[in-house]
Amino acid sequence: MLLSSMLLAGTLSWGSFTTPLEAPAPRPIGSYSNGCIAGAVPLKLENPNYQVLRPQNRRYYGHPVLISFINDLAAKMNDGELADKRIILVGDMSMPRGGPFKGGHASHQIGLDVDIWFRMIKDNKRLTKEQLAKPWALPVVNDNLLSVNKNMDGYAYSLLRNAASDDRVERIFVSPAIKKFACEQTHPDEDRSWLRKIRPWWGHTSHLHIRLACPPGTPDCERQAEPPKGDGCGKEVDSWLEGFKHPKPKPKPAPKPQPKPKKVLPEACQLMLNAG
């Protein structure tokens with residue numbers, strides 16, 4: 001009844017959906033920043049190895065491959081690999097049917113993106129419902145954005161490396177300072193191929209934005225070009241940090257540009273939205 005009323009009023013948005021669209025097989029449609037998903041499944045809210053942040057927002061849906069990845073990563077971080085175990089905190093994935101957000105994310109639209117916080121919980125001291133609803137982040141980068149702080153410890157590095165070493169992962173977006181730290185912490189004689197997936201980007205000082213590749217058998221999923229060759233260390237990451245050290249002066253105000261044309265969702269997504 002609510003969705004029908006919203007459709008008649010012309011106010012239906014992707015955030016209005018509370019359940020996934022049933023489909024014979026999970027179907028990510030379009031690109032990470034302009035698409036939707038049919039047949040998404042929810043990440044279970046109860047798990048000994050992770051907790052889901054802000055569950056009231058219903059942003060814990062994704063392709064089954066993403067669900068499996070999160071479970072595997074959380075289990076790996078909680079298996080005693082280091083001195084003790086840690087519970088990971090899962091941030092936003094996608095909405096029940098994917099699609100664009102009204103704010104906060106440009107991507108996360110086809111069920112293949114997830115934010116994992118660098119803040120982890122020690123000694124099974126799980127967050128309460130109230131804390132999950134309004135969590136606080138743990139920045140691992142200093143205020144000048146040029147280097148990491150003490151919060152970027154061995155666990156945070158292990159989280160980053162374990163995630164990037166998974167074959168299902170295509171890219172991980174982090175602050176340039178985190179990328180630089182990962183480059184420096186990885187010995188030249190070690191396997192450095194996973195560093196290629198670590199992509200510097202603005203923000204991302206307290207979480208890693210993990211993006212999976214389009215799963216096999218999903219022809220409607222638009223694949224991205226591969227990251228540049230090499231590990232992305234040295235000049236590539238230094239150029240980002242140089243921009244923070246010596247920011248370019250703001251140019252004089254220019255004439256107001258023409259508005260960019262609004263993105264047009266794939267036809268299958270438009271049909272999904274219009275069907276309500």
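Colleague: Which residues lie nearest the centre of the second largest pocket?

Modeller: Ala106, Ser107, Trp201, His209 and Arg211, out of 16 lining residues. This is a predicted model, where local features need pLDDT of at least 70 and side-chain atom pairs count only at pLDDT 80 or more, while totals for chains, interfaces and linings use all residues. Residues are numbered from 1 along each chain as its sequence is written, and side-chain values use heavy atoms, leaving out hydrogens and water.

Colleague: What counts as a pocket and a lining residue here?

Modeller: On a 1 Å grid over the protein atoms alone, a pocket is an open set of points where a 1.4 Å probe fits, with protein on both sides within 12 Å along at least five of seven lines; lining residues have an atom within 4 Å of a point.

Colleague: And how does the lining of that second largest pocket divide by class?

Modeller: 4 nonpolar, 10 polar and 2 charged. Ala, Val, Leu, Ile, Met, Phe, Trp, Tyr, Cys and Pro count as nonpolar, Asp, Glu, Lys and Arg as charged, and the others, Gly among them, as polar.

Colleague: Which strand gives the most to the lining of the second largest pocket?

Modeller: Strand 10, residues 207-212, with 3 residues. Strands here are DSSP runs of E, at least two residues, and helices are runs of H or I, at least four, numbered from the N terminus.

Colleague: OK, what about the largest pocket: which residues lie nearest its centre?

Modeller: Trp14, Pro100, Phe101, Lys262 and Leu265, among 16 lining residues. By class, that lining has 7 nonpolar, 6 polar and 3 charged residues.

Colleague: Switching to the sheet, in what order do the strands come?

Modeller: It's an open sheet of 6 strands, 4-6-7-10-8-9, with mixed pairing; two strands pair if DSSP finds at least two bridges between them. Strand 4 (50-52) and strand 9 are the edges, each pairing on one side only.

Colleague: Is strand 8 buried or exposed?

Modeller: Mostly covered: 6 of the 6 residues in strand 8 (169-174) are buried, meaning under 20% relative accessible area with a 1.4 Å probe, protein chains only.

Colleague: How many bridges join strand 8 to strand 10?

Modeller: 4, and the two run antiparallel. Ile172, for one, has Ile210 in strand 10 as its bridge partner.

Colleague: And to strand 9?

Modeller: 3 bridges, running parallel, with strand 9 at residues 198-200. Phe173 stands opposite Arg199 there, and Val174 has Pro200 as bridge partner.

Key:
Buried means under 20% relative accessible area, exposed over 50%, partly exposed in between (1.4 Å probe, protein chains only).
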